[in-house]
Amino acid sequence: MTGVAFVSGGGGGIGAALCRALAHEYLVIAAGRNRERLDETVAAVAAEGRVAHAVELDVTDAARTAAVLDEVQASHGPIECLVGNAGVAISAPIGAPQGEDHLRRHLEVNFLGAVRPLEHLVPVWKAAGQGTAVFIASSAALMGYPYVSAYAASKHALLGYARSASQELRRAGIGVHTLCPHYVDSPMTDQSVARIVATTGRSAEEARELLAAQNPGGRLVTPDEVAAATMQVVRSNRTGIVLELPGGDPLVREPGQPLE
Ligand SMILES: NC(=O)c1ccc[n+]([C@@H]2O[C@H](COP(=O)([O-])OP(=O)(O)OC[C@H]3O[C@@H](n4cnc5c(N)ncnc54)[C@H](OP(=O)(O)O)[C@@H]3O)[C@@H](O)[C@H]2O)c1
């Protein structure tokens with residue numbers, strides 16, 4: 001039986017590319033809140049002759065997350081690969097009135113929403129002596145940027161967790177990797193473009209160029225590049241790899257260690 005890969009945020013820009021790539025080696029479960037976008041991903045995977053299923057899930061719902069993971073395994077077999085990709089990025093100045101809610105929201109989705117599925121699967125993975133988790137963090141896990149302190153904090157938390165988890169779980173045969181893309185050409189970046197247009201009066205094209213110029217490679221990262229980097233770490237037989245995606249060749253920030 002084909003192993004299962006579970007992708008949160010499977011209906012998003014990066015999520016859809018992840019599902020298409022993973023579907024060459026796994027039966028894919030695309031999880032998220034928006035059914036329509038999930039169905040588009042499932043159709044894109046099917047158009048390539050592969051199989052994906054959509055599952056509605058809000059990753060901030062701990063009980064539903066556990067239930068969905070159990071249901072998926074009961075119906076389709078063991079989840080062997082987990083991609084924590086669901087995320088939100090809302091910019092706000094430090095000290096804004098909704099500060100604590102804003103911080104909590106980012107931690108709930110970007111940090112807890114990503115690590116909860118791994119925490120749920122670890123006992124089974126330990127028993128099986130295998131399993132791979134990949135977290136789609138951000139360059140904001142490696143450095144700070146103004147007006148996204150909540151987002152950066154949540155992504156730093158994710159990278160810190162992954163660094164510890166990769167060491168702790170290495171001898172159990174479980175790989176934990178982190179990808180840190182700079183601006184990606186996806187709906188999340190479209191929102192940033194819209195914000196720049198609204199606040200500065202620049203055109204959408206100028207705003208997009210402005211963001212692309214902030215990437216070390218001078219261009220936006222493509223969702224397919226994130227998916228290719230994910231496949232690279234999933235196939236690696238190592239754990240703890242941290243890749244930075246600058247808009248150009250991936251940079252190995254941390255090479256990780258061989259799995260035992
Ligand atoms: N775009 C960039 O420049 C960039 C750069 C570095 C890292 N990243 C990271 O890449 C990941 C994917 O982002 P993207 O660029 O593909 O943006 P996107 O198209 O906006 O996708 C975000 C995905 O997260 C899902 N999501 C958000 N809140 C959720 C929740 N509570 N429960 C379940 N799913 C939820 C959304 O699905 P539903 O709305 O269906 O729930 C959507 O599929 C994020 O973690 C983001 O932080 C993006």
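**Start at the ligand**

Select the ligand and the shell of residues around it: domain 1 (4-182 + 222-258) and domain 2 (184-220) each give at least three residues to that shell. Keep in mind as you click around that this is a predicted model.

Now colour the shell by residue type. You'll find 14 nonpolar, twelve polar and five charged residues. Of the 31 residues around the ligand, the ones that come nearest are Arg-33, Asn-34, Asn-85, Tyr-151 and Ser-186.

Next, zoom in on Ser-186. One of its polar side-chain atoms sits 2.5 Å from an oxygen atom of the ligand. Then pick Gly-12, where a polar backbone atom is 3.0 Å from a ligand oxygen. Over at Arg-37, an N or O atom in the side chain is 3.3 Å from an oxygen atom of the ligand.

Which helix supplies the largest share of the shell? Show α1 (13-22), α4 (99-128), α5 (149-169) and α6 (187-200), which each supply at least two shell residues. The largest share, three residues, comes from α6.

**On to the sheet**

Switch to cartoon view and follow the eight strands of an open sheet with mixed pairing, in the order β3-β2-β1-β4-β5-β6-β8-β9. At its edges are β3 (52-56) and β9 (251-254), each pairing on one side only. On average, neighbouring strands here are turned by 20° against each other, ignoring direction.

For a last stop, select β1 (residues 4-8) and β2 (residues 27-32): they run parallel and are joined by five bridges. Click Ser-8, and look for its bridge partner in β2, Ala-31.

Terms used: Residues numbered from 1 in each chain as written. Predicted model: local features only at pLDDT ≥ 70, side-chain atom pairs only at ≥ 80, totals over all residues. Heavy atoms only, no water. Near = heavy atom within 4 Å. Polar contact = N/O pair within 3.5 Å; in protein donor to acceptor, adjacent residues only side chain to side chain. Helix = DSSP H or I, 4+ residues; strand = E, 2+ residues; numbered from the N terminus. Nonpolar A, V, L, I, M, F, W, Y, C, P; charged D, E, K, R; others polar. Domains from an automatic or database assignment. Pairing = 2+ DSSP bridges. Axes fitted to C-alpha atoms, helices over the stretch in contact; angles between N-to-C directions.
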